[in-house]
Amino acid sequence: MIFLKSLLYNLFITAIISNQVIFPQVIFKDLPNYKLNTSDQLFFDITNTRDVISLNGNWKVYPADDDKKEKVSITVPSIFDGKGDFVFEKSFSLTNDQISNNKISLNFFGLNYSADISVNKVIIYRHPGGEFPFTVSLPRDILKSDKSNIISVKLSYKLDSKNTIPLKQRFLFPQNFGGVIRDVYLHLTPNVSISDLTFKTEVNIKSNSAVITLKSIIDNKEFKKVSDTLGTQTSFTLRTQFFYPDGRTSLSSGSNIGSGSSLSDNNFVLKQNKQVEINNSITISSPAFWSPENPASYIVRLELWRGSQLIDRHDQSIAIFKLESTQNNFLLNGKTFNLYGVTYTPSFYQYGSLSSYERMESDFEKIKQAGFNSVRFSRALPHPYYLRLCEQIGLFAFVELPIANLPEGLAGSQNFVVRSKNYLSSLLAAYENYSAMAGLGFGSSYLFSSDEHRALLTNLSSQVKKNRGILTYASFFDFEFQQVDNLDLYGIEFLNQQPNDKQTDVDNLITTLGKGKIFIGEATYTANIGQTDGYVNKFSYEAQAKFFDDVFSFNEKNNLAGFFANTMYDLRGDYRSIICGYNKENVYSIGLISEDRNQDRIAYKVLSARMKNTEKVTIPIGSDKDDAPMIFIITGLVLALLMGVLVNSGRKFREDASRALLRPYNFFADVRDQRIISAYHTLFLSIIVALVMSLLFANMFFYIKNSVLFEKIILAFGSPSLISGVSYLAWNPINALIWLFVLAVIAMLLLTIIITALSFFVRTKVYLSSVFFTVVWAMLPVVLLIPVGIVLYRLLNAGAGNIYVYIFLILFVFWLLYRLLKGISVIFDVNAGGIYFYGLISIFALKIIFLLYYEVNNSVFQYLKLALKQFNIFG
């Protein structure tokens with residue numbers, strides 16, 4: 001019986017371990033009760049001749065390198081937290097009629113990151129990487145009707161610092177997850193069908209008219225024989241109807257074959273396995289212009305007939321408007337227009353960008369109700385349904401490459417330029433038929449002063465202009481303007497900065513560019529301390545409200561093209577931001593509305609009232625509160641008391657301290673020669689030294705908690721654990737004191753062990769106790785900084801002479817290092833010059849190894865260079 005219990009227990013443990021081995025450090029998450037919203041037939045292109053088959057739901061997944069292929073069931077769409085290569089499989093059935101009578105395409109609304117897609121073990125598409133939607137035609141000869149078909153997606157997910165878009169180091173970006181993250185479905189169209197439709201609208205404000213030009217590709221993939229005359233088989237008619245927003249229909253438009261010859265009634269001949277291009281155009285007098293106040297769209301219906309039989313029907317929604325940027329004005333349909341925009345990043349608790357259609361609708365209804373007329377999808381590509389919603393409810397959609405804080409070396413790299421252009425081409429193709437898309441951007445935090453940034457933007461802008469007549473834009477971190485060809489709009493950024501402080505810079509931009517070319521691309525304020533009694537308390541909800549109130553006034557005063565508040569909702573990121581406050585869930589508190597969609601924040605109310613021109617919301621002034629932690633004062637006073645106790649413990653300590661401070665050579669010689677040095681005093685002193693060090697560093701960490709530059713420097717290393725640790729220490733002063741004390745003690749012990757180990761290379765016998773005494777007493781001057789530890793944060797926060805404080809502390813560190821190396825040379829009884837040389841070389845080598853590790857893995861030098869240049873340091 002005991003043996004049986006033991007066997008069952010071992011089998012149970014083995015089963016748990018083997019299940020964990022399948023996906024080490026990877027967790028899959030999906031939305032419960034998720035449903036595909038096929039009720040929006042226009043969005044999914046469902047007509048009486050077209051249909052879709054959902055491939056959402058149960059899929060099998062296993063690691064790509066797992067020879068046993070031990071499959072686990074998951075739900076699609078879903079995300080996984082981690083990195084690796086996985087194979088996703090789904091079986092689906094098709095009837096013989098579905099295969100023989102239809103062209104079948106496989107549609108992905110988004111997966112992340114790169115993937116090889118195969119059907120029945122035949123690779124049909126290689127996805128280069130990115131969340132944009134794409135469609136793949138399924139060859140008929142690989143599909144089966146007598147048994148299940150297997151779709152396989154071999155997906156690789158790992159962001160890096162050079163080769164992916166977005167990059168690994170992402171400042172205030174949303175969480176990025178791998179997986180098949182959006183809907184997957186089959187789209188069935190007839191064998192002879194309208195395989196592609198693109199449109200272009202041209203608006204003439206003076207004549208109050210619009211011309212809609214349609215380019216249709218008709219494709220004949222019908223290979224079966226029919227019992228009719230050959231002429232009927234290959235003779236077709238294309239009929240075009242325009243449904244006005246009020247429901248009226250227009251007459252069918254005139255049509256031209258791609259060759260230019262006119263065909264009456266849009267009749268044409270299309271043989272098997274051939275395509276034909278048909279260009280249509282219609283002029284509309286007094287069109288119903290689309291606008292945020294009146295989001296009225298036309299419906300274009302294309303019908304393909306063979307005799308009296310309807311073969312195919314395709315409907316397309318088209319919004320007619322003209323958005324243009326001139327030097328002095330930003331215009332919509334010929335009238336002055338101001339962009340009241342907000343950035344939107346899908347972020348829903350632990351589910352990342354996973355969202356139900358109901359949640360998408362709810363989020364955008366709140367944006368519309370707030371008074372915004374534009375949405376900028378920054379830092380992540382949107383689910384296409386968001387663009388559908390924009391057209392329906394009246395929001396201009398600005399879609400952009402998910403790039404920000406791009407290092408100059410990457411911007412100038414030919415590989416990255418090619419990758420960016422390919423990504424942009426896929427983005428253009430994915431969203432080309434969504435009418436509400438008003439602008440296409442290239443990301444944020446570029447530098448006017450960077451030749452590499454300007455060259456990349458010129459390259460990308462030219463590519464867009466060749467393919468589509470749409471506004472192009474980018475957002476810039478600095479104000480040192482230089483021209484970027486083919487860029488229509490230039491964004492300026494405010495991050496925890498008062499807009500009026502940049503008035504001179506903006507005036508210079510307006511003089512050079514004109515008001516109609518400049519907009520506030522990102523206005524961001526971190527509300528990391530929550531609610532207080534007024535806006536004089538920086539980084540509070542009230543201060544955030546005052547910031548956005550000032551941004552709105554600044555935009556009005558300068559008559560810019562508009563602004564984008566960053567962002568609508570709090571979001572979660574992959575890094576624990578320092579400036580947003582330490583948070584275990586990595587929540588970035590920069591939204592107008594909280595993560596739970598609660599609309600109580602005063603910033604939301606203030607900005608909404610300003611945009612809708614309703615009664616002004618009062619922002620309380622409050623009283624400025626001292627945020628200096630009391631624990632710093634208490635710790636400093638306790639340390640002063642302990643030091644007083646130690647000094648007055650006896651004459652021996654005072655004499656040792658005097659000699660160690662003023663005559664270090666003689667003191668360390670006594671340590672080497674094992675003359676009487678109190679172990680009790682040394683141990684007590686080591687504790688005080690460690691505490692003083694922890695107090696000083698805790699002050700420094702607490703001061704930099706709102707420093708954008710410091711966060712970008714730490715982020716440059718691309719280490720989530722590093723930035724998490726720094727953020728924790730910066731926002732938890734009491735715990736910081738404890739942990740920094742522990743680290744200081746460990747550092748002294750490690751230093752003692754390392755120096756003792758090195759003593760084996762010298763002839764003099766060196767005792768472990770002597771090394772420990774040397775390390776501790778070399779740090780004796782640290783106790784002189786106890787008063788500094790009490791006031792350091794207040795001194796730095798006052799902002800007066802910070803550079804001198806930093807210089808003093810750096811010189812003090814060099815003094816300590818000098819004392820330590822001198823002490824080592826004395827107890828080793830060797831020439832001091834050699835110790836200084838090898839000591840400095842060793843320290844330098846350790847730093848180089850540390851930096852090289854992060855350079856090889858995360859290209860740290862490029863990101864550090866960009867951060868320093870953004871803040872005009874060594875730039």
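**Salt bridges**

I started with Lys625 and Asp533, whose side chains meet in a salt bridge at 2.8 Å, N to O. Lys625 lies in the loop between α12 and α13 (630-647), and Asp533 in the loop between β30 (518-524) and α11 (541-558), so the pair ties together parts 92 residues apart in sequence. I took a salt bridge as a side-chain nitrogen of Lys or Arg within 4 Å of a carboxyl oxygen of Asp or Glu. Helices (H or I, at least four residues) and strands (E, at least two) are DSSP runs, numbered from the N terminus.

This is a predicted model: local features need pLDDT of at least 70, side-chain atom pairs count only at pLDDT 80 or more, and totals for chains, interfaces and linings use all residues. Residues are numbered from 1 along each chain as its sequence is written, and side-chain values use heavy atoms, with hydrogens and water left out.

I checked exposure next. Buried means under 20% relative accessible area, exposed over 50%, and partly exposed in between (1.4 Å probe, protein chains only). Lys625 is partly exposed at 46%. Asp533 is partly exposed too, at 33%.

I then looked at Glu556 and Arg610, which form a salt bridge with the closest N and O atoms 3.4 Å apart. Glu556 is in helix α11 and Arg610 in helix α12, so this pair ties together parts 54 residues apart in sequence. Glu556 is partly exposed at 48%, and Arg610 is partly exposed at 22%.

Which residue meets Asp363 in a salt bridge? I found Arg597, at 2.8 Å, N to O. Asp363 lies in helix α5 (residues 357-370) and Arg597 in the loop between β33 (587-588) and α12 (602-612), so the pair ties together parts 234 residues apart in sequence. Asp363 is buried at 0%. Arg597 is buried at 9%.

By this rule I count 35 salt bridges. A network of them links several residues, including Lys652, Asp656, Arg659 and Asp829.

**Rings**

I searched the whole structure and got 66 aromatic pairs. Rings of Phe, Tyr and Trp (its six-membered ring) pair if their centres lie within 6.5 Å; planes under 30 degrees apart count as stacked, over 60 as edge-to-face and the rest as tilted. Phe43 and Phe44 are edge-to-face, 4.9 Å centre to centre with 80 degrees between the planes. Both Phe43 and Phe44 are buried. Ring pairs join them to a cluster that includes Tyr34, Phe109 and Tyr185.

I also looked for a charge over a ring, meaning NZ of Lys or CZ of Arg within 6 Å of the ring centre and within 35 degrees of the ring normal. The charged end of Lys705 sits over the ring of Phe702, 3.8 Å from its centre. The charged end of Arg239 sits over the ring of Trp305, 4.7 Å from its centre.

**Strand β12**

Why did I note β12 (residues 184-190) as largely enclosed by the rest of the structure? Because 7 of its 7 residues are buried. Val184, Leu186, Leu188 and Pro190 point one way, Tyr185, His187 and Thr189 the other. In a regular strand the side chains alternate between the two faces of the sheet.

I counted two strands as paired if DSSP finds at least two bridges between them. Strand β2 (residues 51-54) pairs with β12 in the antiparallel sense over 4 bridges, with Ile53 opposite Leu186. Strand β7 (residues 102-108) pairs with β12, also antiparallel, over 7 bridges. Here Ser105 stands opposite His187.
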